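Biologist: I am new to this model and would like a close look at one part of it, taken slowly.

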Amino acid sequence: MSHAPVDCSAGRAGAPLSLDAACLRALAAAAPMQGIETVPPARAPGRVLARPLHTPIPLPPFDNAAMDGYALRCADLAGPSPRTLPVAGAVHAGDGPVSLPAGAALRILTGAPVPHGADAVVMQERAKLADGCLRLDNAPRPGANIRRAGEDIGQGAELLATGVALTPVRIGLLAAAGLSEAPVVARVRVALLSTGSELAELGTPLAPGHIYNSNRAMIRALLESPFAEVSDRGRIPDDPGRIEAALRGAAAEAEVIVTTGGMSAGDADHVPGALRAAEGDLAVLKVALRPGKPLAVGRIGGALFMGLPGNPYAALVTALQIALPAIRRTAGLSEVHPAARAGIAEFCHDKRPGRTEVVPVRSLGEDGLGRPRLDLLGPGASARLAPVAAADGLAILPAECAHVARGDLLRWHPLGHRP
């Protein structure tokens with residue numbers, strides 16, 4: 001899949017793109033994976049289905065009892081109440097086909113095949129048994145308590161569509177249809193690079209003027225998934241040549257490159273220049289987002305490039321809002337955006353119009369309509385992680401919004417699970 005260079009209207013001197021426009025450009029730059037693997041159910045959780053699957057059998061495969069009771073023919077119950085039928089035997093789950101004797105009932109257990117000639121199952125709680133005979137005060141309706149063959153999914157029907165993630169329930173559906181393997185998209189290889197001469201590695205003494213590299217651990221944990229394999233390529237100092245070489249090397253081995261740091265307009269922010277020097281294309285360079293304004297999206301060689309800010313909260317926000325959807329598109333997922341919910345503000349907050357603002361929130365319970373009541377956990381400062389670490393989610397305040405009042409309806413993304 002080819003990608004023509006995109007003129008960047010969001011360069012350092014230009015106007016920032018809106019969050020929605022930046023997301024669209026990132027998705028447009030993502031090239032879905034072409035490789036396909038075949039995996040058994042045990043290795044399928046979280047993988048992305050590469051092509052639609054159809055069931056070779058109806059589900060359920062035969063008419064069966066929906067509960068324990070008695071199989072009978074409704075026409076045999078004609079006449080005044082109470083009605084009685086002799087019980088001529090029993091049918092258990094796993095038994096082969098049997099026929100219902102004329103004028104009789106058969107004991108039947110849940111999941112057992114409905115006998116030929118039977119057209120209803122009376123649940124045992126509504127039946128009385130005496131001297132080997134079934135006694136009924138009320139006759140059942142034809143079809144009662146019978147699960148018909150194919151009523152869940154008919155033979156040959158589509159089980160799952162291309163691009164869905166294989167959840168435990170979907171894997172159970174494949175197993176119910178007797179499918180012992182599934183074609184899935186090959187895992188996306190993501191190369192993660194941290195830039196910054198001030199970054200210290202975990203487990204080493206912290207020298208004066210240095211900080212520990214929180215982005216490296218956080219972004220890797222966020223991006224690693226059943227459909228994406230993250231290769232940690234370590235820290236690159238603020239040296240244009242070394243950054244360019246690292247980008248070229250990553251582009252030769254990965255489908256996606258994610259960097260953190262070096263994205264602002266400072267003297268030591270070399271990532272955009274290094275990308276251009278490595279013959280990469282830029283589609284996004286500034287986003288009207290707080291935090292996360294300096295952000296690069298483009299391509300280098302055959303790889304999608306995502307340059308995240310260095311400040312930790314800004315890196316998290318841009319990874320969730322822009323990088324992860326683009327990676328999900330690369331992985332072949334049909335649903336790429338993070339899950340969003342409606343919530344009610346339990347706080348007041350002033351913001352400057354013009355930029356979408358993302359703030360950490362905590363749920364205080366639900367209102368009468370089941371919507372979470374959201375409290376603000378401090379400002380969304382780009383370098384602060386403590387508020388978001390205590391948050392239940394991130395609220396998205398629109399660019400045109402100047403004030404959030406208590407009771408306003410908000411869009412928010414829950415945290416604590418993969419979006």
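This is a predicted model: local features need pLDDT of at least 70, side-chain atom pairs count only at pLDDT 80 or more; totals for chains, interfaces and linings use all residues.

Where is the place of Gly117?

Modeller: Residues are numbered from 1 along each chain as its sequence is written, and side-chain values use heavy atoms, with hydrogens and water left out.

Gly117 sits in the loop that runs between β6 and β7 (strands are DSSP E runs of at least two residues, and helices are H or I runs of at least four, numbered from the N terminus). Gly117 counts as partly exposed because its relative accessibility is 42%, a class that falls between buried, under 20%, and exposed, over 50%, with a 1.4 Å probe and protein chains only. Setting aside the neighbours within four places in sequence, Gly117 is in contact with Arg73 and Leu100, where contact means heavy atoms within 4.5 Å. Ala71 lies 46 residues away from Gly117 in sequence, yet their C-alpha atoms are 9.4 Å apart in space.

The strands on either side of this loop, β6 and β7, both belong to an open sheet of 6 strands, whose order is β7-β4-β6-β5-β9-β8 and whose pairing is mixed (two strands pair if DSSP finds at least two bridges between them). The edges of this sheet are β7, residues 120–123, and β8, residues 128–130, each of which pairs on one side only. From one strand to the next the twist averages 40°, with axes fitted to C-alpha atoms, for helices over the stretch in contact, and angles running from 0 to 180 degrees between N-to-C directions. Within the sheet, β6, covering residues 105–108, pairs with β5, covering residues 83–91, in the parallel sense over 3 bridges, and Ala105 in β6 is the bridge partner of Val87.

Elsewhere, an open sheet of 6 strands with mixed pairing has the order β16-β13-β17-β21-β20-β18. Its edge strands are β16, residues 228–236, and β18, residues 281–286, each pairing on one side only, and its neighbouring strands are turned by 15° against each other on average, direction ignored. Here β17, residues 256–260, and β21, residues 303–308, pair in the parallel sense over 5 bridges, with Ile257 standing opposite Phe305 in β21.
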